[in-house]
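Thanks for coming. I have one structure to show, and I will keep it short.

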Amino acid sequence: MEEQYIEITPQQAWEMMQNEDAVLVDIRDNIRFSHSRPQGAFHLTNHSYGEFIDEYDFDQPIIVICYHGVSSRNTAQYLIEQGFEKVYSLKGGFDGWVRAELPVEMGY
């Protein structure tokens, strides 16, 4: 069976970041990411992908967050295809993260 990503809630993502060394990767555009982002998020873009591959292990949990939880699914599937073993897509995206009142970093 082909590996598949799993959809999780913002609360589940935050718990995994605290307890399982999960990495949250934000795939939103530069302007939105630089304005506000989930605390501790890695900005994953075409330009930062090489750095991402160097920095994180294939068996580390990776959680993908986007605007509303739609485009993160495609990125999550892509990361599975690249060999990452535990990949998650965050339901509701950054909107859901904010609604769940989870920590947000503002500006640079």
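Predicted model: local features only at pLDDT ≥ 70, side-chain atom pairs only at ≥ 80, totals over all residues.

Start with R73 and E7, whose closest N and O atoms are 2.9 Å apart. R73 sits in helix 4 and E7 in strand 1, residues 6-8, so this pair ties together parts that are 66 residues apart in sequence. R73 is partly exposed, at 33% relative accessible area, and E7 is partly exposed too, at 32%.

Next, R37 and E105, with 3.4 Å between the closest N and O atoms. R37 belongs to strand 3, residues 36-38, and E105 to strand 7, residues 104-106, so parts 68 residues apart in sequence are tied together here. R37 is buried, at 7%, whereas E105, at 28%, is partly exposed.

Then there is D26 with R28, again a salt bridge, at 2.9 Å. D26 is buried because its relative accessibility is 0%, and R28 counts as buried at 4%.

UniProt lists C66 under "active site", in an unreviewed entry. C66 is in the loop between strand 5 and helix 4. Is C66 buried or exposed? Buried, at 1% relative accessibility.

Last, Q11, in helix 1, residues 10-19. Q11 is partly exposed, at 40%. Beyond its neighbours within four places in sequence, Q11 contacts A100 and L102. The C-alpha atoms of Q11 and L102 are 7.8 Å apart, with the two residues 91 apart along the chain.

Note on methods: Residues numbered from 1 in each chain as written. Heavy atoms only, no water. Helix = DSSP H or I, 4+ residues; strand = E, 2+ residues; numbered from the N terminus. Buried < 20%, exposed > 50% of the residue type's maximum accessible area, 1.4 Å probe, protein only. Contact = heavy atoms within 4.5 Å. UniProt positions renumbered as here; feature names shortened; annotations may be inferred. Salt bridge = Lys/Arg side-chain N within 4 Å of Asp/Glu carboxyl O.
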